[in-house]
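Good morning, and thank you for coming.

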2 protein chains.
Amino acid sequence: MTSDTYQLDETDRRILLALDADPRVPIMMLAQQLGLARGTVQTRLERLANSGALRPNTARILPAAMGRGVSAFVSAELDQARLNEAIAGLRQIPEVLECVAPAGDTDLLLRVSATDPDDLYRVSEEIRLCPGITRTSTSMILRDVIPYRTTELLKKLSGDKH
Amino acid sequence: MTSDTYQLDETDRRILLALDADPRVPIMMLAQQLGLARGTVQTRLERLANSGALRPNTARILPAAMGRGVSAFVSAELDQARLNEAIAGLRQIPEVLECVAPAGDTDLLLRVSATDPDDLYRVSEEIRLCPGITRTSTSMILRDVIPYRTTELLKKLSGDKH
DNA sequence: GGGTCCACTGATCATTTTGACTAAAATCTA
DNA sequence: TAGATTTTAGTCAAAATGATCAGTGGACCC
């Protein structure tokens with residue numbers, strides 16, 4: 001029940017860290033930089049790509065670069081019986097970048113991005129119109145204090161097991 | 001004031017979409033697949049890499065693959081005068097994947113990941129101990145309804161301007 | 001209209017890298 | 001310890017790379 005996700009090992013982590021800056025460095029460079037055989041790195045990279053441990057590459061694109069300078073969290077309450085309908089509806093809205101179900105009072109918490117406050121309002125409307133959604137509350141993000149990062153966690157792991 | 005972020009153009013978008021599955025496909029394949037000259041794609045990729053429009057590659061790694069199967073949002077209230085101190089403290093905690101300042105009642109909203117509920121508790125403690133932080137409230141994520149995605153937004157843009 | 005800037009093309013070049021494949025270590029792990 | 005799995009180091013031909021170049025077309029300015 002813990003998870004069926006592929007678990008990175010020490011070598012994976014080292015490779016990924018080395019890949020952090022430029023994901024397109026030649027395998028040979030990686031190999032010699034890490035002191036591994038080329039074949040090893042090659043195999044690992046392939047395995048990683050098929051492991052399901054990575055998001056699609058587009059996840060790296062900052063919404064701002066797509067002209068979406070405004071972000072917000074939208075919490076939604078819904079008619080629980082129509083959960084799946086609601087989710088299907090939300091999935092149709094490109095501006096909904098993410099959606100999670102948190103413990104507690106709100107049923108769904110969405111991350112949304114828009115071109116400007118006006119556009120944000122439009123998106124909120126669209127969300128509100130999803131079947132099963134009874135109420136939403138939008139809270140704009142004023143500042144990105146720590147932009148999403150995983151590097152630190154990866155580094156910590158590297159130190160961990162040794 | 002809108003932003004000084006590099007704005008992707010149509011070609012960038014097409015390249016990024018083509019790169020979505022495998023970010024390491026040879027430039028030549030990309031070029032012929034997109035009907036562009038090799039030099040063009042090569043130049044674009046270089047520009048993209050330096051544009052600041054992309055997160056580091058490690059952002060693609062799912063926390064679950066690092067043994068962090070538990071995620072949560074932590075909202076924190078703080079002594080506004082010590083904001084910077086607090087941020088500095090939070091930055092030190094690898095499990096804090098992200099931190100934003102939302103409009104509204106909560107001062108900071110953190111995204112946190114942990115190995116298990118126990119570990120989550122430990123991380124919460126650590127957050128609470130950051131200088132300037134007066135109160136926190138943790139809400140575990142029960143389900144990832146829509147995992148973070150940007151692809152749909154990118155696709156939308158592609159259609160937009162034509 | 002003429003000039004300048006810029007991005008894209010299509011071509012070349014020598015040098016690397018790739019993928020696929022060995023057989024021989026080395027390393028787990030039961 | 002024996003068996004299974006990884007890793008290594010080596011091969012090969014085919015392909016991709018980075019760095020050029022001159023030529024083309026568009027957008028902009030005076």
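**The surface near DNA strand C**

The residues of the surface near DNA strand C comprise 6 nonpolar, 3 polar and 4 charged; here Ala, Val, Leu, Ile, Met, Phe, Trp, Tyr, Cys and Pro count as nonpolar, Asp, Glu, Lys and Arg as charged, and the others, Gly among them, as polar. This is a predicted model, in which local features need pLDDT of at least 70 and side-chain atom pairs count only at pLDDT 80 or more, while totals for chains, interfaces and linings use all residues. Residues are numbered from 1 along each chain as its sequence is written, chains are lettered from A and ligands numbered from 1 in the order in which they are written, and side-chain values use heavy atoms, with hydrogens and water left out.

In total, 13 residues surround DNA strand C, and the closest are I27(A), R38(A), A37(B), T40(B) and R44(B); a residue is near the strand if one of its heavy atoms lies within 4 Å of it.

Let me turn to individual atom pairs. A backbone N or O atom of I27(A) lies 3.0 Å from a phosphate oxygen of DNA strand C. For R38(A), a side-chain N or O atom lies 2.8 Å from a base oxygen of DNA strand C.

Key. Polar contact = N/O pair within 3.5 Å; in protein donor to acceptor, adjacent residues only side chain to side chain.
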